[in-house]
Amino acid sequence: MGYRYSLAFLTVAELAPPEAVRVAAEAGFDFVGLRLLPAGADGPYPIMTDKALLEETRRAVRETGVGVADVEIIRITPDFRPEETVAFLERGAELGARNILTAGYDPDMSRMTDSYGAFCELAHQHGMTADLEFMPWTDIPDVAAAAAQVRAVDHPAAGVLVDALHVQRSATTFEEIAALDPAWIHYAQLCDAPARYDPSPEALIATARGNRLMPGDGDFDFTSLLAALPKDIVLSVEVAQPHRAGETPALQRAIEAMEKTRAVISRARGEACS
């Protein structure tokens, strides 16, 4: 089995969940990612409470065959209470989600491990994995920090989420990614960005949430990343470009994302074989 592809939430963030599922299907994706809880000042997301919207989304999944790859976002903070995530987990399970995007915002690594481990167990009980995404402005800033947490909790639901943008903009090497246990990597996120960038946390966040480039439109080394990742995972195409939402329809952007992703993968395979 080769790669399968998911249309990430941020790529078509203006769409309601049922529309996102149908756009993903039309653009040729196998899966879609949905946000249920806010990442910051965004949200709220009605699918957490609106039963009619949930059923409409599930109907779109059945009719298109597009599955829900991941749901967002669990933020592990100093006051994190795993039991308070049950409603989120139940909704994710109702949608048939496989993975949960999880972020670490607790500077106390021992407490972080306890919280993450407890959440992994709850996620496992609901049939999902808890994939810890390293982001340079968080308390899990690079792949080494994420791997240390996954190793410490030693749970089958634990995983490391590799995002191409954060690989480029953190103290992370392709060799470190290649050294990860393949069982820890359930999916990865693809986008592109310029090699030169402002390293301030504010600028990093602004790019991640609103100014990514389509794969192949920047300077990222996809050949090295894909060589370091397992060959049968889901690749989630996460290209946050809200400035284009008013001028380029979501379907057109989704088709562009799929075409450009396939192009960089084809190019990477050619380079690897040359």
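**Aromatic residues**

Phe174, Phe220 and Phe222 form one aromatic cluster. The model is a predicted one. The points below begin with the aromatic rings and then turn to helices, a loop residue and the backbone.

- A pair of aromatic rings is described by the distance of the centres and the angle of the planes.
- The count of aromatic pairs comes to four.
- One of these pairs joins phenylalanine 9 and tyrosine 45: the ring centres are 5.7 Å apart and the planes stand at 90 degrees, so the pair is edge-to-face.
- Phenylalanine 9 sits in the loop between strand E1 (4-7) and helix H1 (17-27), and tyrosine 45 in the loop between strand E2 (31-35) and helix H2 (51-64), so the pair ties together parts that are 36 residues apart in sequence.
- Phenylalanine 9 has a relative accessible area of 9% and is therefore buried.
- Tyrosine 45, with a relative accessible area of 17%, is buried.
- Phenylalanine 220 and phenylalanine 222 also make an edge-to-face aromatic pair, with 5.0 Å from centre to centre and 75 degrees between the planes.
- Phenylalanine 220 and phenylalanine 222 are both buried.

**Helices H1 and H2**

- The axes of H1 and H2 are 8 Å apart, and the two helices pack at an angle of about 15 degrees.
- That angle makes H1 roughly parallel to H2, because angles under 35 degrees count as roughly parallel.
- The crossing of H1 with H2 is right-handed.
- On the H1 side, the contact is made by Pro17, Pro18, Val21, Arg22 and Ala25.
- On the H2 side, the contact is made by Leu53, Glu56, Thr57, Arg59, Ala60, Val61, Glu63 and Thr64.
- Sorted by class, the contact of H1 with H2 has seven nonpolar, two polar and four charged residues.
- The buried residues in H1 include Pro17, Pro18, Ala20, Val21, Val23, Ala24 and Ala27.

**Helices H4 and H5**

- Helix H4 (residues 109-125) packs with helix H5 (residues 143-153) at an angle of about 60 degrees, and their axes are 9 Å apart.
- That makes H4 oblique to H5.
- H4 and H5 cross in a right-handed sense.
- H4 brings Met109, Met112, Thr113, Tyr116, Gly117 and Cys120 to the contact, and H5 brings Gln149, Val150, Ala152 and Val153.
- By class, seven nonpolar and three polar residues make up the contact of H4 with H5, with no charged residues.
- In H5, the buried residues are Val143, Ala145, Ala146, Ala147, Gln149, Val150 and Val153.
- These buried residues of H5 pack against H4, strand E5 (129-133), strand E6 (158-163) and helix H7 (174-179).

**Glutamine 241**

- Glutamine 241 lies in the loop between strand E8 (234-237) and helix H10 (250-273).
- The relative accessible area of glutamine 241 is 8%, so this residue is buried.
- With neighbours within four places in sequence left aside, glutamine 241 is in contact with Leu10, Gly210, Arg212, Leu213 and Met214.
- Glutamine 241 and alanine 208 are 33 residues apart in sequence, and their C-alpha to C-alpha distance in space is 9.6 Å.

**Backbone details**

- Glycine 43 and proline 44 are joined by a cis peptide bond, with omega about 0 degrees.
- Proline 44 is placed in the loop between E2 and H2.
- A cis peptide bond also runs from glutamate 72 to isoleucine 73, with omega near -15 degrees.
- Isoleucine 73 is found in strand E3 (residues 67-76).
- Aspartate 154 has a positive phi of about 50 degrees, although this residue is not a glycine.

Definitions and conventions. Residues numbered from 1 in each chain as written. Predicted model: local features only at pLDDT ≥ 70, side-chain atom pairs only at ≥ 80, totals over all residues. Heavy atoms only, no water. Axes fitted to C-alpha atoms, helices over the stretch in contact; angles between N-to-C directions. Helix = DSSP H or I, 4+ residues; strand = E, 2+ residues; numbered from the N terminus. Parallel < 35°, antiparallel > 145°, perpendicular 65-115°, else oblique. Left-handed = near helix turned anticlockwise from the far one by under 90°. Contact = heavy atoms within 4.5 Å. Nonpolar A, V, L, I, M, F, W, Y, C, P; charged D, E, K, R; others polar. Phe/Tyr/Trp six-rings, centres within 6.5 Å; stacked < 30°, edge-to-face > 60°. Buried < 20%, exposed > 50% of the residue type's maximum accessible area, 1.4 Å probe, protein only.
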